[in-house]
Amino acid sequence: MSEAPPGPQDPAPEPPESAERAGGTVRPMQADHSPERLALLTEDLGAAPPERPGAGRLLAAAASGLLVIALLVWGLPWATGASWSEIVASLGALPWWSVPAMIVLGAGALLLEAMTVRAAVPGSRPSPVLQGHAASQGAALALPGGSVLGLGLLAWVLRRSGIALPVVLTGILAASLVEMAITSVLVPLLGAGSYLLGSALTPAGTLASGWLWAAAVAAAGAVIALVLSAVLLRRGVLTALLAQADGMLPAGASAEILHQREALVGMLRRRLPALALPTLAARTLQLAALWLAIESVGAEVPALFVLAVFALGRVLALVPLTPGGAGISETVSGAALVGLGVGSADAAAAMLLLLVAMLVVPLLAGAVAVPAALTRTPARR
């Protein structure tokens, strides 16, 4: 019996590079560098550093810096009612240890904030986290709208250190939500409670109602933003929104967004103490810096009112007129201290001393970290 003539050879099976076959179906694999996982970004953050600020942003930064200087040079004496000769005399009387103490407290707060970032990004190493966070904070305080650029720098540094892009994005989102909840919601609520309790115990100490209303409005905006974030993180709400926008998203983007949502919610549930405690400790160090600045000028303010003034300054830091509210927080907080019975020159000097911990230290750290991030960060898979 003759054999059938040999037919054409079957083609060799394709290697399962981007799909796996099961039951006659083809399912995309969830590789870290697949188009689906990178669909939410225009480019891989590990490929190139964030775009450097253009001329327009640099001009805006210069204008913003001039506004900060104007607020401190003219606004702070006007708000406190002190002349610069009186302020300089009060600064000259500061104890020798006051400025080094502000540097230590400012650096400690920066380190604690970096611990929150490291807890939010599993597998990250201390050096890239600290470098990226310092660069992020420096950009946020130096440039109008620098928060976005700062987060881009942080993401890029972590990506270049070998952390997968989805892990980086989930971690930054988790750390940002914790920061918002503590600094923009919890601290103002504690400050308002402290002020009400302090006013009941010490009626002589009062704050101007106008500034309190402004702080309440700013805090309310933060609460609304946090509530909206919580609503958007609900799976049903997010699924409905993605279904409506399905035609406008790349293939596989909806599934990836839901995947990242599950990772983010899971991290917030499992790692909340590790995320929240360092940020709480950082705000405690900054509160201690305010208390130490008041003590350094020889003034006495009840602890409840110190917390109220600190909360007022943190809320006013949300005002987008200057990066990080620099100049605005110090001017208003100085006026608040005068309202609480602190001498005019002493109140202004205390605010300038506090500026070392709240502004100078993060800016100097960022000035070192940004060039290092752009030139020395090792690129490795």
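Helices here are DSSP runs of H or I with at least four residues, strands are runs of E with at least two, and they are numbered from the N terminus. The model you have open is a predicted one.

**The whole chain**

Begin with the protein chain shown as a cartoon, where you can follow 13 helices and two strands. Of its 381 residues, 44% count as buried. If you switch to a surface view, the chain exposes about 19,700 Å², of which carbon and sulfur atoms supply 69%. Among contacts between residues at least 6 apart in sequence, 75% join residues at least 24 apart.

**The largest pocket**

Now select Q137, A140, S147, E179 and L318, which are the closest to the centre of the largest pocket among the 47 residues that line it. The volume of this pocket is about 1,400 Å³. To see what surrounds the pocket, colour the elements that give two or more residues to its lining, namely α3 (98-120), α4 (126-142), α5 (146-160), α6, α7 (209-232), α10 (272-296), α12 (328-339) and α13 (344-375). Which element gives the most to this lining? The answer is α6, with seven residues.

Is R283 buried or exposed? Its relative accessibility is 7%, so R283 counts as buried, the cut-off being under 20%. E113 is buried as well. E179 has a relative accessible area of 28%, and therefore counts as partly exposed, a class that lies between 20% and 50%.

Move on to Q286, L290, V309, F310, G313, R314, S329, E330, S333, M351, L354 and M358, which line the largest cavity. A search of the whole structure finds one cavity of 30 Å³ or more, and the volume of the largest cavity is about 110 Å³. The elements that give two or more residues to its lining are α10, α11 (303-316), α12 and α13. Of these, α11 gives the most, with four residues.

**From M358 to I103**

M358 is one of the residues lining the cavity, and from there you can turn to I103 in helix α3. The C-alpha atoms of I103 and M358 are separated by 9.2 Å, although the two residues are 255 residues apart along the chain. Which residues is I103 in contact with, leaving aside its neighbours within four places in sequence? They are V356 and V361. I103 counts as partly exposed because its relative accessible area is 43%.

Select L196 next, and look for it in helix α6, which covers residues 165-201. L196 is exposed, because its relative accessible area is 60% and the cut-off for this class is over 50%.

**A nonpolar patch on the surface**

End the tour by selecting L66, I69, V73, W74, W84 and V88, which form a nonpolar patch on the surface with about 630 Å² of accessible area together. The elements giving two or more residues to this patch are α1 (55-80) and α2 (84-92). The largest share, four residues, comes from α1, while V88 is found in helix α2.

Terms used:
Residues numbered from 1 in each chain as written. Predicted model: local features only at pLDDT ≥ 70, side-chain atom pairs only at ≥ 80, totals over all residues. Heavy atoms only, no water. Buried < 20%, exposed > 50% of the residue type's maximum accessible area, 1.4 Å probe, protein only. Patch = residues over 30% accessible without salt bridge, like charges linked within 9 Å, V, L, I, M, F, W, Y side chains within 5 Å. Areas by Shrake-Rupley, 256 points an atom, 1.4 Å probe, with all protein chains shown as cover. Salt bridge = Lys/Arg side-chain N within 4 Å of Asp/Glu carboxyl O. Contact = heavy atoms within 4.5 Å. 1 Å grid on protein atoms, 1.4 Å probe; cavity = no way out; pocket = protein on both sides within 12 Å on 5 of 7 lines; lining within 4 Å. Points joined across faces, edges and corners; volume = space filled by probe spheres on them.
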